[in-house]
Amino acid sequence: FFYHNITNIANAHETVKRIYLIKSRQYIQSRDAIRRHRYFCCCCKLFRSSRSQQMWKVALLFWAAAMSTSCNDLHGGEGRRKPVIIDTDIGSFHDDFPAIALALLSRELDVRLLVTCSDDTRARAAVAGKLLTLAGISHIPIGIGVPTDHTTERPLFGWASDFVLSSYVGGVYEDGIAKMAEVILRSEDTVEILALGPLTNFPRLLSEYPEVVRKARVTAMAGAIDIGYFHSPVVSAEYNVVLCPACADRVMRAGWRVQLAPLDICVDASFSPSASWKLFVGCRSANNVSTALVQTFGYFFPFWPFMIHDNWHVNPVLYDVVATLMLLSDSGEYLAEHEELRIVTDEAGYTRVDETAGALVEVALRWKEPRASEMFMDHMADILCSTHHHP
């Protein structure tokens, strides 16, 4: 009986709180509407009374200021969001989806297209469609990229085999490269291409649509400058470059701005304990992103060679999320200033500094401070746990 009454009181309290919030919003909206109406009336008086061209201009300026204020209030004071295309080999590794979700849920990025790359790109499109649908962020169109192999089975291909690609609500484009070029060339602003996988789509894009170089930039998780996997002092040939060294070299020499997130900085991008708790426990009732993460991470576990092991847990490295971070305005809080290096890519997939023959690229090599990677992971978890999605 006591529990029943306490529950009723709590429910009543929540109801009153919701009514108060609704009424508060209505009051604020009404107040803003009255303010805009007064601005408008002021402009109308100026229009009626002004006899000179100068007064008409003043009236128009007043009206424009009122509309600008209204729009800024509506959008929470946000500026224009960066248009983004994501090029991904989703389905092979565990880090693509967190990087994609971070971009989709960010208040700064306007993701206009997701294109699959490498291996069976149609199977990857099914993985993307199922994941985005499960996560509740399925408004982004998917483009099917250039296939390179239809036989290699990736960890999530079986998981997504029951997903009907034609049912994806965001829309699917069979020719993802043509759609990629269309999005770039129709955009008023420079489009950021976020490359999270092997750069196998770019040779066709650059060959058939060379004009995209003027209207796009590339930020890629690719390469290794001074270290290898697992902080090895022996430099590794990084996976995304190894699968097509010629593709990587062509991207760097195309003439557009290229930013790289190499192994040097990505090897430290692992979940902090607090970020793990937020994503996998704390925010599961807030949205579906963590639900999707839990499902897919279970499939990836047997395939994880790239892990951080310690005394009590196994923690996956999220290489790709660093590339997404490089597109955010607050990246300077976590990353040291990028270095401009001249990079060459050899046939074995190694990316080396060569001051004479290398292509000039911007490279993020270091975190700003020792705890910066952990701080960023906490920040990322906050974004992924947000209930505010940006369609």
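## Aromatic pairs

Tyr-334, Trp-367 and Phe-376 form a cluster linked by ring pairs; rings of Phe, Tyr and Trp (its six-membered ring) pair if their centres lie within 6.5 Å, and planes under 30 degrees apart count as stacked, over 60 as edge-to-face and the rest as tilted. The model is predicted: local features need pLDDT of at least 70 and side-chain atom pairs pLDDT 80 or more, while totals for chains, interfaces and linings use all residues. Residues are numbered from 1 along each chain as its sequence is written, and side-chain values use heavy atoms, without hydrogens and water.

Five aromatic pairs are found in the whole structure. Tyr-229 and Tyr-319 make an edge-to-face pair, because their ring centres are 6.1 Å apart and their planes stand at 80°. Tyr-229 lies in the loop between strand E6 (216-221) and helix H7 (239-242), and Tyr-319, 90 residues apart from it, in helix H12 (residues 319-325). Helices (H or I, at least four residues) and strands (E, at least two) are DSSP runs, numbered from the N terminus. Both Tyr-229 and Tyr-319 are buried (under 20% relative accessible area with a 1.4 Å probe, protein chains only; exposed is over 50%, partly exposed in between).

## Helix H4

Twelve of the 15 residues of helix H4 are buried, so the helix is largely enclosed by the rest of the structure. Among the buried residues are Arg-124, Lys-130 and Leu-131. Their cover includes strand E1 (82-88), helix H3 (96-105) and helix H11 (289-300).

Just after H4, Gly-136 has a positive phi of about 75°.

How values were computed. Contact means heavy atoms within 4.5 Å.
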